[in-house]
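Hi,

Here is the structure I promised to pass on.

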Amino acid sequence: MASVHESLYFNPMMTNGVVHANVFGIKDWVTPYKISVLALLYEMTTSKPIALQERRRLNKLILPLQQGPDLTLDQFLKTVEECCPQTAYAVKLRLHEMADGELKDMEYFFATLPTPFSAIDSEAYKTSVVGLFMRHMLLAYNKLSFSQVYKLYKSLQQYYHSHYAQPGDVQVGLPALAADDSDMDLTSTEDNVGERMEKEELDTAPLHESELRNEDAPSKGPLSQKQAEYFLARQAYLLKNDENKALKPSALQDELNNMLKFNPDFAEAHYLSYLNSMRVQDIFISTHSLLHYFDRLILSGSEGKSNGDEGYGRSLRYAALNLAALHCRFGHYQQADLALQEAIRIAQESNDHVCLQHCLSWLYTLEQMKGSDSSVLTEDSVKMAAHFCLPYLVSLGIQSLVQQGAVQGKTAHELMDALKDTDILHWKHSLSELIDISLAQTTSIWRMYGKSTMAQQQAQLLLNMNSLEQVNFGVQQNNTEAFAVALCHLAELHAEQGLYGAVSEVLKHLKEQFPPHTQHAKLWMLCDLKIQFDRAMNDGKYHLAEPHVTAIAALNKTEGLYRKAQVLKALNRTTEAYSILQRLQLYCEKTKYTEMIIRVMLVTAELHWESSGFATALPLLLQALALARQHHLQALASETILHLAFTQLMLGVPEQALGVLHEAMEPILAHGAVMDKGRALLLAARCQMAIAGTRSNGQRHAALGLAVQSLGEAAAYFSMLDCKERLRDVHYLQARLHHTLGQTPQRNKCAMLFRLLDQELQAPGAAVAMRL
Amino acid sequence: MAALCSEFGDLVQIKKQLISVISLCKERGLVHSVKWASELAFALDPLPKNELPPSATFTEEDAQDLDALGLAKSYFDLKEYDRAAYFLRGCRSQKAYFLYMYSRYLSGEKKKDDETVDSLGPLEKGQVRNEALRELRVELSKKHSAGELDGFTLYLYGVVLRKLDLLKEAVDVFVEATHALPLHWGAWLELCNLITNIDMLKSLSLPDCWIRDFFMAHMYTELQMIKEALQKYQSLIESGFSKSTYIISQIAVAYHNIRDIDQALALFNELREQDPFRIENMDTFSNLLYVRSMKPELSYLAHNLVEIDKYRVETCCVIGNYYSLRSQHEKAALYFQRALKLNPRCLGAWTLMGHEYMEMKNTSAAIQAYRHAIEVNKRDYRAWYGLGQTYEILKMPFYCLYYYRKAHQLRPNDSRMLVALGESYEKLSQHVEAKKCYWRAYSVGDVERMALLKLAKLHEQLNESDDAAQCYIIYIQDIFSCGEQLEHAEAREEGKALLRQISQVRDHMEASSTDLFGPLSSNTPVRRVSPLDLSSFSP
């Protein structure tokens with residue numbers, strides 16, 4: 001490590017006691033690999049015409065070769081060979097001339113390179129990518145001192161000969177040694193070193209710094225500044241948009257450590273290290289890297305005024321803000337709050353409105369995360385951001401407001417209007433990321449309102465949209481949260497319709513796109529568990545549902561409690577279920593989680609039914625209905641009406657029940673889940689039966705006919721879900737009706753179906769009369 | 001203790017051993033070990049003529065290699081290492097083999113240093129390394145497994161391993177080297193650099209030799225176990241090394257580390273009397289003078305050192321301190337920079353430079369300097385503390401918490417970090433944490449005696465007047481107990497005033513507590529901890 005720092009002090013550019021990063025203004029320098037690339041470019045510009053297709057492939061190769069890290073000659077030649085074997089041979093020949101010749105051959109090579117200034121027509125024109133690269137290289141070469149030129153030539157020889165020392169071998173990073181003409185058995189000693197290094201690495205694995213020390217680990221050589229910048233930008237982009245394609249956390253950290261070893265001044269690497277350790281939820285290293293980055297950044301901006309727009313005052317503010325964001329991500333709300341206050345104070349002192357806006361948007365996010373109402377703050381933020389022309393913050397604020405509005409029961413048209421406005425903003429500024437979020441949000445809102453078709457349409461829209469990001473242009477999907485949300489909704493919507501094959505397809509895709517360790521994986525895990533739970537409950541396999549409860553509770557506590565109450569209710573452990581529900585309701589009322597409140601009320605009502613307390617269930621249900629209507633939650637409102645109708649039926653007012661039921665029938669058939677459709681029709685049939693009982697003989701037959709029809713439909717829905725318990729009930733009722741109507745063959749058929757199911761199910765089901 | 005004395009009883013024997021090891025090291029060009037051993041030998045009484053140890057016996061091989069060795073040694077002394085190695089390549093004797101390998105090693109190091117200047121670009125910095133190391137390691141490891149290495153070659157093998165960052169292996173080899181040749185101080189010193197904690201020290205099996213006591217004392221100083229170190233050195237002095245400048249300087253440094261400034265100053269003055277042209281450790285001496293603000297003495301020291309050798313790290317640090325004391329911070333920074341140019345691994349200079357920049361209100365440069373110090377040594381608590389202070393000055397109390405916490409982690413029993421942490425927490429209105437910090441600072445022995453006062457004020461602010469009174473009372477007792485010292489006379493008066501006021505406050509605390517304490521707080525010594533106070537504790 002010593003050598004890393006020692007050379008710092010020979011810098012003639014040290015000013016103010018501070019060595020500026022990149023003092024010499026050299027962003028790139030000549031390496032043997034670069035010479036090979038130059039040789040390739042030279043061949044491409046001068047040699048005889050190459051076939052069009054091959055040329056095209058070569059052209060595509062140029063940029064990655066220029067920007068990527070140094071390759072060994074083997075790798076390099078292989079890549080070129082894949083495109084055009086003829087050129088690869090020519091390049092090899094040229095390198096051979098230089099390496100096996102004398103120093104003057106290399107000098108001659110540089111002298112004969114087409115100078116970008118003279119060649120106006122060629123591809124190497126001075127402003128082209130190739131021309132720029134050549135100019136960089138020529139400049140760097142001309143700056144070399146005598147001994148450096150000699151060193152370069154030596155390393156070129158080594159580079160070339162290492163290709164022959166281990167032909168086709170994949171050993172990387174040994175060129176320095178391979179060329180040494182020692183008579184010892186090289187391979188054995190190398191293996192020895194490798195083993196030792198491994199041991200060393202294992203011993204010191206928990207130490208982050210120790211990795212830096214492993215100078216002899218077979219890592220890649222230093223990257224030039226250009227290469228490093230490209231690498232960092234690429235990885236940071238991938239981390240944000242498509243985590244799967246980025247390097248694995250440990251591999252990326254290794255690369256970064258390597259980079260920092262060779263250039264401790266390269267502060268951006270610290271920032272990437274911060275992002276990387278956020279991926280693995282390592283608060284220690286991420287804090288360390290973040291602070292280190294800003295300590296370094298302060299240096300580079302120090303020329304400006306201390307508190308102006310430029311200069312390090314600015315980075316101070318953002319340093320505090322980033323620290324707040326970090327604590328926010330780790331859920332340390334108090335710490336985040338303190339850091340945020342600090343950022344706000346400094347920003348205020350220096351009149352930095354832009355930074356203040358960022359702080360404000362973090363402030364309301366923090367408030368939201370803490371669970372308190374922050375709509376006033378958000379509104380302020382939107383207004384101010386609009387005033388300072390910060391479209392990103394504006395629409396982010398509006399989206400946040402929409403989310404809050406949706407929860408608080410704002411009407412749909414208001415929300416949709418707001419979203420439409422932000423969409424205009426997004427397209428105007430091509431904020432592709434926010435467009436994705438907006439679509440996902442619309443999906444969620446429609447889903448909440450219980451309009452499954454609309455939700456499905458929005459989700460499909462998002463999934464089929466081409467990405468607008470420049471790097472991934474044309475690729476359909478990114479790995480952002482928005483996509484995860486949309487896909488989860490899609491899975492749940494399909495599950496509602498009983499299309500479990502499609503569900504498993506979607507989930508498989510999710511698993512591939514968002515592997516379990518990534519940050520959005522929790523979304524699909526919860527979704528998967530919920531679907532499995534619902535299935536198990538519908539099938540009456542409560543013992544299967546129970547383990548899911550624990551898993552759900554780990555991901556979402558509220559949801560877990562709710563599901564636990566459901567299981568307990570199904571297992572007839574009424575008292576426990578009731579106490580949980582009471583607790584849950586109190587908690588949800590505190591956090592204003594309306595959807596869950598209504599659901600809890602419904603389950604509580606169901607509990608009352610079990611103790612035949614139909615009359616006590618009634619006010620609860622009415623309250624739930626009022627809440628659902630107030631918040632425009634159609635799906636839940638229909639569900640409540642179902643419950644209400646059932647209660648009324650049990651209270652002996654079937655006419656009323658049927659009347660109420662008709663209100664809900666339409667939305668359920670249009671948007672509801674298959675299960676709900678079946679249940680609604682079954683309930684309707686039972687109401688019709690009850691009414692028929694009071695009618696005169698003639699009308700009775702007609703009414704019973706209607707009931708038979710409803711039952712038939714219900715049976716169809718239930719068989720779609722393969723919900724055997726309910727099917728058994730339906731067949732029983734069908735058999736009874738047919739019996740009453742005197743249709744013996746149909747009766748016998750239904751009776752047989754009932755018998756079969758009953759045998760299969762074994763367990764005596766809950767009394768038919770007692771459940772919805 | 002008794003065992004130790006009896007072992008040192010035979011000073012004559014020790015002197016003989018020293019003389020023979022001096023000639024051995026001299027032949028091999030190990031100048032630093034020669035210096036150490038000679039210093040020690042000088043401290044002992046001279047031997048009568050007939051007692052002088054006979055020069056080492058010649059073997060057949062030695063005789064054969066004699067001429068080549070002589071030639072090579074002369075080249076070696078002229079720093080023509082490759083040339084020396086070339087003429088030694090065929091030699092068989094152990095001595096020649098060591099010199100052969102050592103020349104190759106030094107040649108690699110020299111080239112590395114030259115390369116660094118000439119590297120291709122700033123990014124290549126880390127790539128420059130001693131190319132000879134790998135070859136040396138391969139050859140030496142072969143001989144090592146064959147058991148053909150003597151004490152000196154083992155030492156060289158250890159150095160090579162350390163340079164290759166194979167620290168575990170290096171420790172083993174150094175231990176082996178000390179067993180093979182206990183009198184070679186270089187091996188002990190290398191071992192000393194590799195041991196990081198006391199458990200590691202205890203786990204090593206070291207040869208039972210009088211030199212081991214020197215090593216242990218040195219080790220204790222390094223590990224900040226000053227009490228043990230002082231005990232060791234004291235017993236060494238008692239057993240006959242009382243004239244050794246080495247031991248005196250080590251004791252002075254140890255006193256400096258535990259902030260016993262008077263003792264340390266006295267010892268340094270004695271040292272300068274005995275060895276007026278000594279430059280080593282003088283930077284520590286200057287730190288002490290700085291803390292005591294002894295301008296004339298510091299000025300004299302600086303001028304004296306410049307006359308001796310102005311291009312030494314220590315000299316530059318002394319001059320830096322001198323200018324800093326005269327409040328010429330730009331010049332001070334310049335000299336610290338020069339010290340760093342002479343030796344970039346000189347960690348103290350980075351930190352001191354950071355302090356200078358702080359004085360100049362150049363916060364960004366200060367942050368940079370501290371960061372560099374941390375990069376050289378992650379465990380430099382002064383740099384962490386300095387960073388914390390910088391951010392505190394920039395009014396970022398939450399941000400600086402991290403740095404103070406780091407510093408506190410590295411020095412859990414240092415009250416200054418705790419007080420700084422407490423102040424930051426207080427600014428953030430985290431009163432519970434602040435109180436804890438202050439109380440802890442008091443419990444670990446408060447240096448500036450401010451913690452209790454701050455705690456009391458905090459209690460007062462929070463209207464917890466009983467607790468506040470309690471703290472004031474302890475504070476006053478504290479001040480009284482060291483009332484003999486003159487500098488606290490003022491504080492004592494203050495304490496009395498406080499006591500009077502407390503009784504008043506108790507009567508009508510809600511109404512007028514702030515008014516009463518308003519003027520008071522202005523004359524209590526609530527000054528900031530000057531960053532440079534820390535310089536006195538550089539290890």
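H22(B) and H23(B) cross with a left-handed sense. This is a predicted model, by the way, so treat everything here as computed. Helix H22 of chain B covers residues 381-393 and helix H23 of chain B covers 397-410; their axes lie 8 Å apart at an angle of about 160 degrees. That angle makes H22(B) roughly antiparallel to H23(B).

What meets what between these helices? On the H22(B) side you'll find B:Tyr381, B:Trp384, B:Tyr385, B:Leu387, B:Gly388, B:Gln389, B:Tyr391 and B:Glu392, and H23(B) brings B:Tyr399, B:Cys400, B:Tyr402, B:Tyr403, B:Tyr404, B:Lys406, B:Ala407 and B:Leu410. Sorted by type, the residues of this contact come to 12 nonpolar, 2 polar and 2 charged.

Next, B:Arg411, which sits in the loop between H23 and helix H24 (415-427) of chain B. Is B:Arg411 buried or exposed? With a relative accessible area of 17%, B:Arg411 counts as buried, because the cut-off for buried is under 20%. Leaving out neighbours within four places in sequence, B:Arg411 is in contact with B:Gln224, B:Arg259, B:Tyr381 and B:Arg416.

Chain A has 772 residues, and 51% of them count as buried.

Cheers

Terms used: Residues are numbered from 1 along each chain as its sequence is written. Chains are lettered from A and ligands numbered from 1 in the order in which they are written. This is a predicted model: local features need pLDDT of at least 70, side-chain atom pairs count only at pLDDT 80 or more; totals for chains, interfaces and linings use all residues. Side-chain values use heavy atoms; hydrogens and water are left out. Buried means under 20% relative accessible area, exposed over 50%, partly exposed in between (1.4 Å probe, protein chains only). Axes are lines fitted to C-alpha atoms, for helices over the stretch in contact, and angles run from 0 to 180 degrees between N-to-C directions. Helices (H or I, at least four residues) and strands (E, at least two) are DSSP runs, numbered from the N terminus. Angles under 35 degrees count as roughly parallel, over 145 as roughly antiparallel, 65 to 115 as roughly perpendicular and the rest as oblique. A crossing is left-handed if the near helix is turned anticlockwise from the far one by less than a right angle, and right-handed if clockwise. Contact means heavy atoms within 4.5 Å. Ala, Val, Leu, Ile, Met, Phe, Trp, Tyr, Cys and Pro count as nonpolar, Asp, Glu, Lys and Arg as charged, and the others, Gly among them, as polar.
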